[in-house]
Amino acid sequence: MKIVEVSVPTKVTLFGEHAVVYGKPAIAIAIPRRIVLRGSASTSPGLRIRLSNVRVEIRSVRIDGSTEVEVDVDELRRILSYVVKGFEIACRDEVKGLDLEIRSDLPIGVGLGTSAAVSVGMAALCLALRGYEGSELVEEAAHLGWRIEREVQGAASPMDTFTVAYGGVRFIEPWIPRAVALDHGDLPLIVGYTPKRFTTAQLVAEVRKLRESYPQILNPVIELVGLVVEEARKAIERNDLEKLGELMVLNHRLLHVLGVVSLETEKIVRTVLEMGALGAKMSGAGGGGAFVVLAKDRRDVDKLSNVVEALGGRIVATSIEESGLKVFSG
Ligand code: PMV
């Protein structure tokens, strides 16, 4: 029996979230927190899933003689919808039964590309079971993963799925669609998150509504984000960290106009900037969730990490994951 294991990194958006939905470029970075899917084809039809170590929010635990644990079912349902859609789209009629195990130690749905990692992972797993391999498998998994996200969420840019499929620092051109690898030096980043109250789909819908109500105001803002991203690409390629930090702050201010910056994230961004960070911004869809800080150097990463944690931020990565999707079959 063929067993396939797929490991997919997660990601953080450095520039261009939301505007990428309207065709502007974006820059995203893969981070070394991986989601692992392990599966084998089965003769009994259907999908059997074991989730190990997947972190979901437990809303309340009552221990009063009887023990009651209330799990955030919406969150669970959300992850499973990507898995089921992936099975449907990528395994198709060729793999009728699948026994699957998913391991993740990252919380789902905080803007770190977990849904993209699950979508690309499911696509890769099915493709490997169907006999695909090498770069053809990776390319196909990136595109199918994007389709899975679009079908589950209604709308999605290729940013997250392409970045987790290929790894490294990626310049996303959604109009092609393509994810170009950017040459980069050491980027002393801190990637973390605060609790997120809204889903990506809700936040994307809010921004769309605002843009429809005020196109003459919102369209120029989206254009400006696009210009910031182009400048940021040059700053990364020249390893100009000071400029990169300034551009992160500019991008963060433009996200304020879109109305997606939460109070908790704002507190972290302001404090680290006051304490000498070169740049800081919210990341991903917003409404809480992910943020990213650019420190002056590695020593400052340690200092600022303590500040971030003292403000309630959880840190998930301080380095870049250069490799993307990995597939092992045996
Ligand atoms: O927070 P996340 O990782 O779900 O990122 C969403 C990024 C958006 O640009 C808001 C949406 C998208 O599809 O690119």
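I started at the ligand and looked up Lys11: an N or O atom in the Lys11 side chain is 3.2 Å from an oxygen atom of the ligand. I kept in mind that this is a predicted model. Next I checked His18, where a backbone N or O atom lies 2.9 Å from a ligand oxygen. Then I went to Thr200 and found a polar side-chain atom 2.6 Å from an oxygen atom of the ligand. I also looked up how well the ligand is covered: taken alone it exposes 390 Å², and the protein buries 94% of that. Which elements give two or more residues to the shell around the ligand? I noted down α4 and α5, the latter spanning 200–213.

**Ligand, the whole shell.** I counted up the surroundings next, and 16 residues surround the ligand. The closest are His18, Ser157, Asp160, Thr200 and Ala285. Sorted by class, I get six nonpolar, six polar and four charged residues in that shell.

**Two domains.** I looked up how the chain is divided and wrote down domain 1 (3–183 + 321–329) and domain 2 (189–317). Their C-alpha centres lie 23 Å apart. For the contact between them, I have 34 residues from domain 1 and 41 residues from domain 2. Why does the ligand lie between the two domains? Both domain 1 and domain 2 give residues to the shell around the ligand, so that is where I place it.

**Helix α4.** My list of buried ones is Met159, Asp160, Thr161, Phe162, Thr163, Val164 and Ala165. Asp160 was already in my notes as one of the closest residues to the ligand. What do the buried residues of α4 pack against? I found strands β1 (3–15), β2 (26–41), β7 (169–173) and β8 (178–181), along with helices α2 (114–129) and α3 (134–153). After α4 comes Gly167, and I noted its positive phi, near 75°.

**Ser7.** Is Ser7 buried or exposed? At 7% relative accessibility, I put Ser7 down as buried, because the cut-off for buried is under 20%. Its side chain makes a polar contact with the side chain of Arg34, at 2.8 Å. Setting aside neighbours within four places in sequence, I found Ser7 in contact with Arg34, Ile35 and Val36, and also with Gly324, Leu325 and Lys326.

**Asn251.** I moved on to helix α7 (residues 241–258), which holds Asn251. Asn251 has a relative accessible area of 0%, so I marked this one as buried too. Not counting residues up to four places away in sequence, Asn251 touches Leu14, Phe15, Gly16 and Glu17, as well as Val225, Val228 and Lys281.

**Ile79.** My last stop was helix α1 (residues 73–91), where I looked up Ile79. Ile79 is buried, with a relative accessible area of 3%. How far apart are Ile79 and Thr114 in sequence and in space? I have 35 residues in sequence and 8.6 Å in space, C-alpha to C-alpha.

Definitions and conventions:
Residues are numbered from 1 along each chain as its sequence is written. This is a predicted model: local features need pLDDT of at least 70, side-chain atom pairs count only at pLDDT 80 or more; totals for chains, interfaces and linings use all residues. Side-chain values use heavy atoms; hydrogens and water are left out. Helices (H or I, at least four residues) and strands (E, at least two) are DSSP runs, numbered from the N terminus. Buried means under 20% relative accessible area, exposed over 50%, partly exposed in between (1.4 Å probe, protein chains only). Contact means heavy atoms within 4.5 Å. A residue is near a molecule or strand if one of its heavy atoms lies within 4 Å of it. A polar contact is a pair of N or O atoms within 3.5 Å; within protein, one must be able to donate a hydrogen and the other to accept it, and residues adjacent in sequence count only if both atoms are side-chain atoms. Accessible areas come from the Shrake-Rupley method with a 1.4 Å probe; for residues, only the protein chains shown count as cover. Ala, Val, Leu, Ile, Met, Phe, Trp, Tyr, Cys and Pro count as nonpolar, Asp, Glu, Lys and Arg as charged, and the others, Gly among them, as polar. Domain bounds come from an automatic or database domain assignment.
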